Structures are given as structure tokens and as C-alpha cells.
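Here is a short report on a structure, written for a first look. Keep the sequence and the 3D view side by side as you read.

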Amino acid sequence: MSSEATHVQQQTLTVPHETHVEIHHGHHHETFLTKYVFSQDHKTIAKQFLITGMFWALIGGLFSVIFRLQLGFPEAKFPWLEMLLGEWAKGGQLQAEAYYALVTMHGTVLVFFVLTAGLSGTFSNFLIPLQVGARDMASPFLNMLSYWFFFTASIVMLSSLFVQTGPFSGGWTAYPPLSALGEASPGSKVGMDLWLVSMALFVVSSLLGGLNYIATVLNMRTKGMSMTRLPLTIWAFFFTAVLGVLSFPVLLSGFILLIFDRHFGTSFYLSDIYINGQALPNEGGSAILYQHLFWFLGHPEVYIILLPAMGMASEILSVNSRKPIFGYMAMVGSLFAITILAFLVWAHHMFVTGLNPFLGAFFVLLTLLIAVPSAIKVFNWLTTLWKGNIRFTPAMLFAMGFVSLFISGGLTGIFLGNSSLDIHLHDTYFVIAHFHIVMGVASMFGMFAGIYHWYPKMYSRYLNNTLGYIHFWVTMIGAYLIFWPMHYEGLAGMPRRYYKFDIWESFKHFGTLNQFISIVSIIVFLAQILFLVNFFYSIWKGRKVTTQNPWGANTLEWTTPITPGHGNWSGEIPEVHRWAYDYGKDGKEFTTQTTPVSADESKH
Amino acid sequence: MEKVMSSESSKKMHPHKFTLWIAIGSITMMFAGFTSAYIVKSNQAGWQPVQMPKIFFLSTVLILASSLTIYLAQKAMSAREMAKYRTLISTTAVLGLAFVVTQFFGFSELWQQKITFKESVAGSFFYIITGVHALHVIGGVIALAVLFSRAYSSKTKFYSSTPVETAGLYWHFVDILWVYLFVFFLLVS
């Protein structure tokens, strides 16, 4: 890299907060390329993650609309689909292979590209330096690399949509043998190779990001910012990064073995397979092995997605209730407990795939244990709201929506966590309903809450409130209307991932329900377009922010200039004297973290 | 700024070095994934263990020696004995390369015994686990090569000990990782 890059890095790194050195990043020449493209400023990188994530959310959401059309209206023909998808929708009807490809891509894109990179990539990057009081990340250069690895992963994944045999179509979990054998399905040919390359790049991106987040939180806090004075957002991002750094490498080792199985004739996952009547030479492999390696990441991944949303919801609920967060240490403790338990429950995804039932019993116990820290968090959110002076900003509504979804989705988790109930419920729409509500939609709500709340800091303008309210209510009501009925379908035994249900008499009566779900999902998708319009319109035309601290919040990011430059604070980094949640203390509406503790102040 | 920096770094670890510590945790998890997969597989039917090639004992000696030389290089750096530092750094890199070469000889020895990807699951694991480790060693050699060229460059006088400390930490890590893998393969197979 250029010497200039290392120069900047040295500066931002080595200036400790106590010194009075002013960082004026204007003193070296900033071109369009270094400012907006290969930027090392954590705020710009955060926006890059966010906008790339939104691009993927649009694609992944559109995919779900298309396959929902198939599920809702299996007999109907949509000529425009053929225009859009060509061969995949011959005669205006989605082909089975294309359906599986869309389902797979929807899962991969939403889980990894939107809710991992788009969520923790955006907000860890944006908020960690701003809220701990640092000029930038521990290594701005690695941070930039993290984004560009993600960008390259995106390009590779996107290109897999355009290959002749289609993208990978064996489900986002990519279980072998389907994912290991090119002969198994068209999507398992070059589409799967691109999928693996893209995911490997993505893992590298996540690791680089995660290393930086941890190092920044532990090393770069400003004076007075002890760990127990950190806002809960930072605790959540910190644990998210720990989860990612410890679990993604295991996924990578699983992928490496899979690559060798695909191309070099090894038999890690393959044994005794017949394909089109031909016996394969592979012997001695075990498909379950992949599942262990995959879910050792896969389960922490759920919390990688969820924890940032939890952290941001905690912060936003407290700020907009004008009340201190209830049980700060319990919140940190429960985040910690969730982080530990996240590593010990992976096999509950494998209750029916040949796991020893005796082992299953332990995983049931550990899985149900997660209910304890989760319930602590819910209790604390509700008690934070209790008797609060609530400001119903769009961010606050989304944060409250997050709590609602987390409760209703979490409760069905108790059903699924039991290995015996799982015999009936596994691979049905009950599972779809559960994880979409608790992980997918809830985390999306956390993300929306974050965007509405920190948008003024990102772009020095506000999002349009009216559009925000419409967006919230349509999404909130729509999410429940889409996923609530799926519980009934699942309890009735309707299997997930199926292209059509017309051969089952028993699922015929769900026909109209499926149509209903599909129509609502189209409406909800349109509401997201409305949000995107709002987002991009407001970047240039939104109402300008005129005060430094528009929400009356205590955290450090609101002590920076309205449009902070690279380096965040124009002068010295402020010193921190208290925790982040002194709302309504001693008759004052809020007391920022930088306010020194006065002699006659009451204890909190 | 330099002055403030040194007073600061005496209290706190340099962020690069700290980041490396976390990365070490991450890489460890990767090999934990590999070796636990190996253990799981080795308990299943039809498992035929692989005999470790003899030359891997030599690999072990080489990489242990390289850990010693990089340690001495660090000492030379802090004593500002730049000539000695350069020799030691390059010795370390050469030992690292020699390690990779002996690994390669070991692989071809096994391959000739019909332990190939198609024939032996244990052998496949062995190749991949040690191969991924060798890639990490090559990464270390590249880092050393960068340090080496910096030490010879006449333009910059570079006396910061952080890069060599960071490289040293990484080098000791791949060394310990190798010792772990070596003992692991001796015991499990």
C-alpha cells in the first residue's frame, strides 16, 4: 500500500487520547478515491457496509417475493417473471430448480450479507470508535480491507446468479453430499464453487472486522471510559465480535474440507453414494461431520446477528424512555451468558440428522438454558419502558417492535429446543416462522432502529418521520401476518423448502392461507422500498440537523461536531465521568457521560 | 509524538500486537475445528491411521530452531545491533522455508506410499491440516521478508521494535501450533 496509507494509520493509531495533538486530516491531500472509495475512516466504511447491505437486502427480499409467488400461486403464470428471470421462469412459471436456487440465495444473502455484514459491519464500525471515544479503529487499514473483502465476496456471489447452471441451490446450510457433488444438481456445479469462494472471502472479511472491533473496544477507550461505563451497544458489538472471531474459522475449516471433497477426490463428507445408479468411489466420509463444523459456526451466527440488535435496542429504549436502562450489569451478564451458551448448543440443529439421542439430551438442556439470559433481557427492556416518558420516534417504535418480535419468536424456540418435539416440528414451517421472527425480522428491526436513530449522526440530516411511521407499521403488522400463520402450517406438518404441495390432500386447505401470506409479503417488500427511497432522498434532501445532540442522549458520539471529520473530535477527545444512562437523575432530563460528577449528586 | 507514544506503549500493548493475539485465538479455533473433526472421524469404523513421515522430526527441529533465532533477533534489535539483527531475521526466514520444504518431502513420501486423497481419509486430513499450517508458516516468512527488506533499506531508519515483536509473536505461535499438531498426530494415530 501507499506510504500515505500507512502514514495515516500511524497517526490515528499512535495519538493517545490524553495528548493535545489535533488531528487535521485536511493536511494531506484527500482525493475522491481515498475519501469515499478506499476510505480508512470508520464512519465511511460503516456507510459502505450499510449501503452494500441494503443492496443485498433488496435482492434477497425480491427473491423471497418471487418464491412466495410460487408458494402462494403455484398454478398462476406471470409473464413478467419470464422477462425478469428468462429460462428460470419458462412460460411465466418459476422452475423447480430456480425455486431452490432462490430459496438458497435468500438464506445466504440475508443471513451473511445483510444481517452479519450489513448489521454488525455497519454499526460496529460506526459506533465503536464514536462511543468509546477513539479517533478510529485499532487498525483502520485492516478495517478497510474488511470492507473490500466483503465487497469482493459480494461480487463473486452476485456473479453466481448469472452462470448458466444457476447459483447454488442446496439450501443456505450447504450440506453435503448435495453441495459436494457437481452431478447432484445444476446448482451444485460452478454455482457452488462461486458460493464457496464468496463465503471464504466473507469469512476473511468478518475476521478482519472482528479483530478490529475487539482490539478497539479493549484498547482504545478514552480516559475514564471503564468497561462498566460502556454503553450496552458496545458490549453487544464486543460479544458479537468475540463470537465471530471464534466461530467463523471453524466454518472455514469445514469449507476447506468441502472444497477438497469437491475437487480433489477426498472423502471427508462422502461415503457410499449412488448417483444416477452409479456408485461413487468415495468411502469413509461422514456427512454429519460437516453439520457439526457448520453449526458450530451456524448457531453462534444466530447471535452474531441478534446481539447487535439487542445492544442497539437497549440504548434506543433507554434514550427514548428518558430513563436509565434497567439492570445494566444484568444486561452485560446476560450478553456474556448468551455468548458462552451460543457455543454449546449447536447440535440442536441436528436432533433428527443422526445425532446420538443421549447426546441430544444435553443439548436440549443447554438450549433451554438460553431462555434464562434471554428472559432477563426481555424483563429489563420492559422495566426500562415501564413508566418511562416515552418518545415515539420511528427508532423507538422499531426498538419496541424488536422486543415484541423477540418475545414471540423466542417462545417458539422453547418448543423447538426439545428434541422430542423436534421429531414432529423439524423442517416444517414452524421452524421457518420461529427463526424468521426471532432472528430475521427482529434483527432487521434492530437494524432499522439503529438506522433511524443514528442517521442524523451519519448524514447530518433526519429521515422523514411520516415515511418512517408508515414503514414501521406496515412492516410490524406485515411481519406478524406473514409468519404467525406459518406456525399453524408447521404444526400441521407442512414441510419447508417444498416447491409445491398439490399432491398432499392434507395441505390443500392451506392454499388460501399461502396466498394471503404471499400478498402480505409483497406489501411488506414495497414498504421496504419506501424506506430505501426515504434513506436516499434524505441523504441529500432531508431536514438538516441543527443541534449537536438531537435526541438528548448521553453517549459520546453526540459530543462530536454535527458532521464529524476523520478523527471524530476536532479537539481533544472528551473524558468520561459516568456511565451512559443517567436519564432523569436529580431532576435533570439527561446528564451526558462527559459531565463531571458534582459533589451533591445522588448515587445511582 | 514519538515520545508520547513510547510512554503510552509502556503501559498498554500496541494495538497491532493485541490484534494479533486475537487473531491467534481465531486461528487456534480453526485448528481446533480440524483436529476435533479428526478425532471424531478416527473413532468411526474403517479408520486407517497414517504413519508420520520421519522427516517431520527434522521439520520440528527446524521450526524450534527458528523460534530461537527470532527470539535472538528481537534481543539484537533492542540492543540496536542491526547487523546481527539482519542475519538472525534472515536465518529465521530460511529456517521457515526449510521447514516448508521438509513438509513437502514428507508429503511426497506419504503420497508414494499410496496414501492419497482418494485412498485414505486419515491421509487427507493429515495433508490438509499440516498443509494449512504450512501456509501459515509461509505467511510468517513473507512477514519476515518484509522486515528483512526494511532493515536493508537505506532510506528509512526503522528502530521501532513493534513490528519485530509482532512478527516474533506470530512466529512462536506457528511454532507452538506445529508442536501441538506433531504431538497430536503422534498420539491420535
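Helix α9 of chain A passes helix α15 of chain A in a left-handed crossing. Their axes come within 8 Å and cross at roughly 40°. An angle between 35 and 65 degrees counts as oblique, so α9(A) and α15(A) are oblique to each other.

Which residues make this contact? From α9(A), they include A:Val302, A:Ile305, A:Leu306 and A:Pro308. From α15(A), they include A:Met439, A:Ala442, A:Ser443 and A:Gly446. By class, this contact has 13 nonpolar and four polar residues, with no charged ones.

Now turn to the two chains. Here 38 residues of chain A are in contact with 29 residues of chain B. The most come from α8(A), with 10 residues. By class, this side of chain A has 25 nonpolar, 13 polar and no charged residues.

The table sets out the two contact regions by class.

| α9(A) with α15(A) | 13 residues | four residues | no residues |

How confident is the predictor, and what is the average pLDDT of chain A? Chain A averages 91, and 95% of its residues score at least 70. Over residues 1-27 of chain A, however, pLDDT stays under 50. For that stretch the model has 39 contacts beyond four places in sequence. Where pLDDT is low, predicted coordinates should not be read in detail.

Technical notes: Residues are numbered from 1 along each chain as its sequence is written. Chains are lettered from A and ligands numbered from 1 in the order in which they are written. This is a predicted model: local features need pLDDT of at least 70, side-chain atom pairs count only at pLDDT 80 or more; totals for chains, interfaces and linings use all residues. Two residues are in contact if their C-beta atoms, placed from the backbone, lie within 7 Å. Helices (H or I, at least four residues) and strands (E, at least two) are DSSP runs, numbered from the N terminus. Ala, Val, Leu, Ile, Met, Phe, Trp, Tyr, Cys and Pro count as nonpolar, Asp, Glu, Lys and Arg as charged, and the others, Gly among them, as polar. pLDDT is the predictor's confidence in each residue, from 0 to 100. Axes are lines fitted to C-alpha atoms, for helices over the stretch in contact, and angles run from 0 to 180 degrees between N-to-C directions. Angles under 35 degrees count as roughly parallel, over 145 as roughly antiparallel, 65 to 115 as roughly perpendicular and the rest as oblique. A crossing is left-handed if the near helix is turned anticlockwise from the far one by less than a right angle, and right-handed if clockwise.
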